[in-house]
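Subject: Structure for you to look at

Hello,

Here is the structure I promised to pass on. Please open it and keep it beside this email while you read.

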Amino acid sequence: MAFIQTSIAEHIGTITLAYQSKRNALSEALITEVSEALRAFQAQSVRAAILRAEPGAKVWSAGHSVDELPKGGHDPLGWQDPLRMLIRDIEAFSAPVIAMVEGGVWGGACELVFACDMIIATPNATFAATPAKLGVPYNASGLLTFLNATTPHIAKELLFTGQPMSAARLERQGIINHLVEAEQIEAFSRDMARGIALNSPLAISVMKEQLRILSAAQPLSPNDFERIQGLRRVVYSSRDYSEGIRAFTEKRKPVYLGE
Ligand code: LCV
């Protein structure tokens, strides 16, 4: 695989993001490889998976590949968006996925980590949710990932400020399971995965699916659903949306007018 490395040992599957030249940006090609790896793990009865970057990575992932966001003003985060598909693959993967995080986590990669079943991070890892920086609205299921994994106030601070939040702060809030120094994080994560792998895979997979269904149980009227879609379209067809992407490409600060 060109963008990731994978291995399986003791019923534990490990996926290492290995695209540092683009700071592990979640390109369609990288995401396809992660999804294929999860499918291969499933076929080999993996009982726990670890999703990580290379040891010592300064950036765990820079988030959605900005150059792959459509410029035409249509919704880049639709049902078939690669990131959305990966989030669903992680949720549907029948064994727990542990995010092992060193370095900065940006944009859509925050959602990817929050969608994992457990998070183990080094104290200096950071999380920055960037849609407001880029002028992008977030989709409903993605916002639900934030709400389910964090608290409303933390989700809003992350999404409204776009500022990196430290793993230490997120651990204090119960959003990150464990803070572990870089030298021990691999052994610690592997120990947790080993413990899970000794338990009943069937009981775990059923609980994982039950918890997924329960946490997504949000009755929404057709009117409310259409309102959410309509709100997103306002931003996608705005001048600010094009400006955010153009500014990123031109490596300058965006100038937003709110229109
Ligand atoms: C494509 C990249 C990227 C990248 N895409 O290295 O959640 S939403 O709604 O916001 C969603 C749309 C989303 O997730 O958007 C992406 C949000 N991510 C960010 O805003 C982070 C963007 N990246 C950065 O700020 C920096 O790259 C960080 C701070 C992560 C690392 O800085 P560093 O100085 O180490 P460079 O900036 O030099 O990046 C190295 C190469 O990776 C590309 C970047 O364009 C550069 O490519 P070239 O070497 O070809 O110039 N790159 C980085 N992030 N998200 N490409």
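Which residues in α1 are buried? Keep in mind that this is a predicted model. The buried ones are Leu 30, Ile 31, Glu 33, Val 34, Ser 35, Ala 37, Leu 38 and Phe 41. Look at the spacing of those numbers. An α-helix has 3.6 residues a turn, so residues three or four places apart point the same way. What lies over these residues? The cover includes β1 (4-9), β2 (12-17), β3 (48-53) and α2 (82-92).

Helix α1 itself covers residues 28-43, which is 16 residues. From first C-alpha to last, α1 reaches 23 Å. That is close to the 22 Å expected at 1.5 Å a residue. Ser 45 follows α1 and has a positive phi, near 55 degrees.

Next, a sheet. Strands of a sheet pair through backbone hydrogen bonds, either parallel or antiparallel. Here 4 strands make an open sheet, in the order β4-β6-β8-β9, with mixed pairing. β4 (59-61) and β9 (165-166) are at the edges. Each has a single partner strand, so one side of each has no neighbour in the sheet. Further in, β6 (residues 104-106) and β8 (residues 126-128) pair in the parallel sense over 3 bridges. Trp 106 stands opposite Ala 128 in β8.

Helix α3 (residues 108-115) packs on this sheet and touches β4, β6 and β8. The direction of α3 makes about 105 degrees with that of β6.

α3 also packs against helix α5 (residues 140-149). Their angle is about 55 degrees, and their axes are 9 Å apart. That makes α3 oblique to α5. The crossing is left-handed. On the α3 side, the contacts come from Cys 110, Glu 111, Phe 114 and Ala 115. They meet Ser 141, Gly 142, Thr 145, Phe 146 and Ala 149 in α5.

Last, find strand β7 (residues 118-121). Which way do its residues point? Met 118 and Ile 120 point one way, and Ile 119 and Ala 121 point the other way. All of them are buried. In a regular strand the side chains alternate between the two faces of the sheet.

β7 also has partners. Strand β5 (residues 97-101) runs parallel to β7, joined by 4 bridges. Ile 98 has Met 118 in β7 as its bridge partner. Strand β10 (residues 178-179) also runs parallel to β7, joined by 2 bridges. There, Ala 121 stands opposite Leu 179 in β10.

Best wishes

Key:
Residues are numbered from 1 along each chain as its sequence is written. This is a predicted model: local features need pLDDT of at least 70, side-chain atom pairs count only at pLDDT 80 or more; totals for chains, interfaces and linings use all residues. Side-chain values use heavy atoms; hydrogens and water are left out. Two strands pair if DSSP finds at least two bridges between them. Contact means heavy atoms within 4.5 Å. Axes are lines fitted to C-alpha atoms, for helices over the stretch in contact, and angles run from 0 to 180 degrees between N-to-C directions. The expected span of a helix is 1.5 Å times one less than its number of residues. Buried means under 20% relative accessible area, exposed over 50%, partly exposed in between (1.4 Å probe, protein chains only). Angles under 35 degrees count as roughly parallel, over 145 as roughly antiparallel, 65 to 115 as roughly perpendicular and the rest as oblique. A crossing is left-handed if the near helix is turned anticlockwise from the far one by less than a right angle, and right-handed if clockwise.
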